[in-house]
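Hi,

Here is the structure I said I would pass on. Have a look at it first, and then read my notes below.

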Amino acid sequence: MPKGKFGKQSAVLLGFLICTVLIGYAEDSPLSIGPQKDPPVSLRFFGSATADRFTRELDESFQGVLQENFLATAEDGVPAGFLNASLPGFPWAGTMWSRDGGTFMRELVMRGYYRHAALLAECLIDLVQKNREGFYAFPEYFKGSKPGPGLGAELDGTSSIVIGMALLWERLPQGDRAKDRIYAFLFQEASPVNYLKSLVKSSPLAAGTGEFGCGVDIPGECYNVVQNNLTRLALLAAAEMARESGSKALSEDDQRLAVKIQDGMEKYLVNKDGSWIWCIDVHTLKPNRAVLESAPNRGFGGTNGVASMYADVRGLQPLASRWSGVVHSEKTFQQLYNTPLRTIEFERYGIWTQFDLRGGGMLTSPSYGQGYAIQAMLLFDKLAMAEKALGWLADATYSPIPEYKLHRASPYYFYERMYSPDAVGRVALDEGCGALNLVNVSEPLKVSRLMLGVDDSSLETTRMIPRIPYSWKGVEALNWPIRSRSGVVRADILFERKGTGGEFTLKLPPGDEVDDLEVRMPSKDGYVWREKKHAQFAHFATR
């Protein structure tokens with residue numbers, strides 16, 4: 001595509017974005033955070049009605065969370081940075097769930113909303129207290145301004161927050177207050193990282209509780225595959241942080257314990273068919289069939305979290321990894337898909353049901369059901385499946401089945417519980433946590449990032465791996481943040497499908513560059529790579 005067309009499109013879209021979607025950045029807006037404000041960023045999919053609809057759903061849901069769930073200033077004693085799990089009138093309003101806060105922090109960071117992310121990080125640091133073992137560990141949720149420790153071992157919250165903070169620390173400039181606070185928090189003796197390490201120093205795996213422990217409403221501790229993998233990723237994120245700050249010995253210790261968890265997962269949490277076991281008993285190290293066959297666990301789509309969470313720390317190319325856990329994740333995805341009712345529902349509508357038993361096997365969500373499944377499809381390059389699943393997500397968000405009554409300010413807001421048309425008359429159509437439930441916005445936002453495909457997990461090489469459905473024309477990002485050796489740079493990115501190939505353009509402001517750029521492009525011969533050193537502008541085309 002000629003440079004002129006790229007520039008014209010960019011200018012028009014950026015002007016529209018600033019004038020409409022991001023009008024909240026006016027000086028007197030509640031979204032204005034201190035003297036520094038997050039610059040506008042846009043991400044647009046185009047070329048089909050589904051692409052246009054999904055773009056608007058992403059924009060309105062993201063801005064809806066910032067306006068309705070996020071406290072930019074302290075309010076009624078609740079600290080600035082607090083993120084409500086749900087809107088007033090819905091379950092869990094007035095609470096901030098640690099896992100959800102961590103996942104939304106991740107999305108704020110990866111979109112370059114560093115001041116929002118920093119406010120959230122500092123709010124979490126201020127609210128958390130030490131547990132019985134003397135470590136800072138996050139509770140399942142915070143209620144309003146009430147501080148608290150993690151009294152159980154709900155590790156997915158603590159781990160997701162560690163990952164979010166590490167990603168933010170890597171991208172904030174030297175001397176930034178939040179960067180210094182995050183470093184001091186994560187590297188102190190009582191840090192949540194040391195808490196995670198303490199759990200696996202004398203055990204084969206990390207024992208945890210909660211939704212990603214033994215399962216929803218199932219008491220006790222279990223060795224859970226998703227929770228252990230997330231703990232492993234948190235340790236790897238901390239290891240990279242230690243390496244970048246010059247603490248080689250600490251980095252190696254974090255990596256060693258991450259490998260220990262990885263080995264434990266391989267040894268104890270793999271079925272005979274090669275798929276992951278959801279969880280095992282902490283005493284027998286064997287599966288408890290009653291737990292695994294319970295209503296919240298049987299066929300639970302959250303097991304795809306091992307596959308989807310790979311991207312949070314390890315990059316966007318799991319299929320190029322030598323970790324055998326990727327193979328187990330692929331087998332898990334296929335095993336879930338092969339469940340007869342799920343296969344029927346997906347082929348009929350594009351819905352990836354979240355449970356075998358709950359909701360009659362006809363319920364999903366944009367997070368642990370449809371969201372994790374789409375992320376796995378994208379990371380495993382199953383674009384035909386992803387196209388079908390994205391189409392259903394976009395349509396069901398905007399136009400739920402008529403019998404399902406939702407209460408929301410915009411038909412473009414993502415909401416928690418989504419039902420197949422086949423559910424009508426068979427199960428209660430419960431609204432649950434409703435529109436803008438936090439994690440059900442976070443995971444579609446992550447889906448959109450995987451489709452854009454910016455992989456800056458390594459300082460050595462920046463990779464671009466666009467994954468756009470075949471019937472969509474392309475994706476455009478403006479002012480998108482990319483981590484580089486010289487700090488964060490902002491790029492305009494455009495990828496368009498052209499028959500069996502495509503065109504890719506990247507443009508940076510004068511004086512900025514990406515040291516080593518690699519772009520994966522589709523072609524008639526499969527995927528091919530194009531490279532450029534010291535890229536301030538790059539344009540590639542394939543057939």
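**Helix α6**

In this predicted model, helix α6 spans residues 177–187, and its buried residues are Ala 178, Lys 179, Ile 182, Phe 185 and Leu 186. They take up an arc of only 135° around the axis, so they sit on the same side of α6. What do they pack against? The partners of these buried residues are α4 (114–127), α5 (155–171), α7 (192–200) and α8 (225–244). Have a look at the start of α6 too: there a side-chain oxygen of Asp 176 comes to within 2.9 Å of the backbone nitrogen of Ala 178, and Ala 178 is itself one of the buried residues.

If you want a pair to zoom in on, Arg 483 has Val 488 in β11 as its bridge partner.

The other open sheet I looked at has four strands, ordered β8-β9-β13-β14, and its pairing is mixed. Which strands stand at its edges? Those are β8 (454–455) and β14 (528–535), each with a single partner strand, so again one side of each is left without a neighbour in the sheet. β8 is joined to β9 (residues 462–464) by two bridges, and these strands run antiparallel. Across from Asp 455 you will find Arg 463 in β9.

**Two aspartates with positive phi**

Finally, a couple of backbone angles to check. Asp 76 is not a glycine, yet its phi is positive, at about 55°. Asp 76 lies in the loop between α2 (49–69) and β2 (95–97). Is this residue buried or exposed? Asp 76 is exposed, with a relative accessible area of 76%.

Asp 381 also has a positive phi, near 60°, and is likewise a residue other than glycine. You will find Asp 381 in the loop between α15 (370–379) and α16 (383–398). With a relative accessible area of 23%, Asp 381 counts as partly exposed, since buried means under 20%.

Cheers

Methods: Residues are numbered from 1 along each chain as its sequence is written. This is a predicted model: local features need pLDDT of at least 70, side-chain atom pairs count only at pLDDT 80 or more; totals for chains, interfaces and linings use all residues. Side-chain values use heavy atoms; hydrogens and water are left out. Buried means under 20% relative accessible area, exposed over 50%, partly exposed in between (1.4 Å probe, protein chains only). The arc is that of the directions from the helix axis to the C-beta atoms. Contact means heavy atoms within 4.5 Å. A polar contact is a pair of N or O atoms within 3.5 Å; within protein, one must be able to donate a hydrogen and the other to accept it, and residues adjacent in sequence count only if both atoms are side-chain atoms. Two strands pair if DSSP finds at least two bridges between them.
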